[in-house]
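Reader: I have a new model to read. Please show me how to go about it.

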Amino acid sequence: MCESVFYENPRVVVGCMVEVDLGKDLPGLLLCRRAIEPALGRWTPPAGYLELGESARAGAARETWEEARARVEITAPFAEFDLLHVGQLYRMYRARLVQPGFAAGEESLEVRTFSLADIPFGELAFPVLEVALRLYVADRRANTRAVHLGSLVWSGEGSRFDVSNYTVEGHLAFRLA
């Protein structure tokens, strides 16, 4: 008889919405084109799994360095979504570059900045990213900053990579000063 207990806990994904100034008061974001599966060749903010022994903010900054070779300062929380169907908690932060420059890391084919109007919504890696990026763009256009919380719920039908097969439940938005 086995007397050990096995806990199956959700994985935590952390990442950064790296805000960049594209000039002439044009805000933009740094995105990475994935060099790995799943979603090879699709765009994402730099993000990945939190490691044991690191804080969520440190993990988000580490992932940004690994994927985009960008050194960042976390400036505020941005979003946290539960993805129950895959056992993940997805936490994103706002960040800014602390030194100029970025480049593709091992898990990225390319890294570039996009204006808010040019974000490649049809080429994003995961539905949670489309939800988060659309909230980010809406906040920027409304000239507000908020922290968004909720659950991204898959309908159980169709592709898990198609955002139209999801609903956001329990969305809360807390405005930042």
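Author: Start with burial. Buried means under 20% relative accessible area, exposed means over 50%, and partly exposed lies in between (1.4 Å probe, protein chains only). Ser151 has a relative accessible area of 16%, so Ser151 is buried. This is a predicted model: local features need pLDDT of at least 70, side-chain atom pairs count only at pLDDT 80 or more, and totals for chains, interfaces and linings use all residues. Residues are numbered from 1 along each chain as its sequence is written, and side-chain values use heavy atoms, with hydrogens and water left out.

Reader: Where does Ser151 lie?

Author: Strands (E, at least two residues) and helices (H or I, at least four) are DSSP runs, numbered from the N terminus. Ser151 is part of strand E8, residues 146-154. The protein chain has nine strands and two helices.

Reader: Which residues does Ser151 touch?

Author: Contact means heavy atoms within 4.5 Å. Leaving out residues up to four places away in sequence, Ser151 touches Phe81, Asp82, Thr167, Val168 and Glu169.

Reader: How many disulfides does the structure hold?

Author: A disulfide is a covalent bond between the sulfur atoms of two cysteines. The test is a pair of cysteine sulfur atoms within 2.5 Å. This structure holds zero disulfides. Cys16 is in none; the nearest cysteine sulfur, that of Cys32, is 10 Å away.

Reader: Is Cys16 buried or exposed?

Author: Cys16 is buried, with a relative accessible area of 0%. Cys32 is buried as well, at 1%.
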